[in-house]
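I opened my notebook and looked up a few things in this structure. These are my entries, in the order I made them.

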Amino acid sequence: MSNTIVMNTLTGAVTEYDWAFQSIAPCHAGDATGLYALGGSTDAGRPIVATVTTGTKHWGSTLKKFVAAVYFAMRGTGTGKLTVHCPTADMSFSYLFPVRPSGVSRAVTGRGIRENYLAFTFQNPDGDDFALDRIEVLSYPSTTRRI
């Protein structure tokens, strides 16, 4: 099965769906078998889980970075899941956190992450609605460690 890739031409945001649709519009999608209505809060009775992943970024100097916490400027409810990706070490670490009604939520990370190149993923594991505006990473450089 192939995926459908959708691009928002106003923002440049790209989304990939595991659908084999040939055509897609805001409320409908179609393929060789027919036309489908899009909408609702579930996908065939299952929660709709969304994933947002940043690109891998080098974090300034060559000193290794300690990630203390990741803050999310967002609206929503339920539980969020942060995954910290360390591509050079081929490892990732996941953390659940409550989505707070105040508009800012925080995921506290483990103390062992020491990397320069990092990427971050936000996910709504229970399918809760959310609007994510910003991901802010609180990191501190090591005083001596570069390798």
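**Asn116 and its surroundings**

I began by listing what Asn116 touches: leaving aside neighbours within four places in sequence, Asn116 is in contact with Lys57, His58, Trp59, Ser61, Thr62, Leu63, Lys64 and Lys65. Contact here means heavy atoms within 4.5 Å.

Before going on, I noted that this is a predicted model, where local features need pLDDT of at least 70, side-chain atom pairs count only at pLDDT 80 or more, and totals for chains, interfaces and linings use all residues. I also noted that residues are numbered from 1 along each chain as its sequence is written, and that side-chain values use heavy atoms, with hydrogens and water left out.

Where does Asn116 lie? I found Asn116 in the loop between strand 14 (114-115) and strand 15. Strands are DSSP runs of E with at least two residues, helices are runs of H or I with at least four, and both are numbered from the N terminus.

Is Asn116 buried or exposed? Asn116 counts as buried because its relative accessibility is 9%. The cut-offs I used: buried is under 20% relative accessible area, exposed is over 50%, and partly exposed is in between (1.4 Å probe, protein chains only).

Next I checked polar contacts, which are pairs of N or O atoms within 3.5 Å; within protein, one atom must be able to donate a hydrogen and the other to accept it, and residues adjacent in sequence count only if both atoms are side-chain atoms. The side chains of Asn116 and Lys65 are joined by a polar contact of 3.1 Å. A polar atom of the Asn116 side chain also lies 3.1 Å from the backbone oxygen of Thr62.

I moved along to Thr121, which sits in strand 15 (residues 117-123). Thr121 counts as buried, because its relative accessibility is 7%.

Which side chains make polar contacts with Thr121? I found Thr53 at 2.8 Å and His85 at 2.7 Å. Apart from neighbours within four places in sequence, Thr121 touches Thr51, Val52, Thr53, Lys81, Leu82, Thr83 and His85. I also looked up Val84: its C-alpha is 6.6 Å from that of Thr121, though the two residues are 37 apart along the chain.

His85 belongs to strand 11. With 24% relative accessibility, His85 counts as partly exposed. Its contacts beyond four places in sequence include Met91, Ser92, Tyr117 and Phe120.

**The nonpolar core**

How many residues does the largest nonpolar core have? I got 17, and those with the most contacts inside this core are Phe72, Leu82, Val84, Leu118 and Phe120. Strand 10 (65-76), strand 11 (79-86), strand 12 (91-98) and strand 15 are the elements that give two or more residues to the core. Strand 10 provides the largest share, four residues. For the record, a nonpolar core is a set of buried Ala, Val, Leu, Ile, Met, Phe, Trp, Tyr and Cys residues joined through side-chain atoms within 4.5 Å.

I took a closer look at Phe120. Its contacts beyond four places in sequence include Val52, Trp59, Val67, Val70, Leu82, Val84 and Val137.

Ser105 is in strand 13 (residues 104-108). Ser105 is buried, because its relative accessible area is 0%. The Ser105 side chain reaches the backbone nitrogen of Arg100 at 2.8 Å. Among its contacts beyond four places in sequence I wrote down Val70, Tyr71, Phe72 and Phe97.

Asp90 gave me another kind of entry. I found Asp90 in the loop between strand 11 and strand 12, and its 71% relative accessible area makes it exposed. Phi of Asp90 is near 55 degrees, a positive value in a residue other than glycine.

**The whole chain**

Last, I looked up some totals. The protein chain has zero helices and 16 strands. Its C-alpha atoms fill a box of roughly 60 × 30 × 25 Å along the principal axes. Of its 147 residues, 27% count as buried. Among contacts between residues at least 6 apart in sequence, 65% join residues at least 24 apart.
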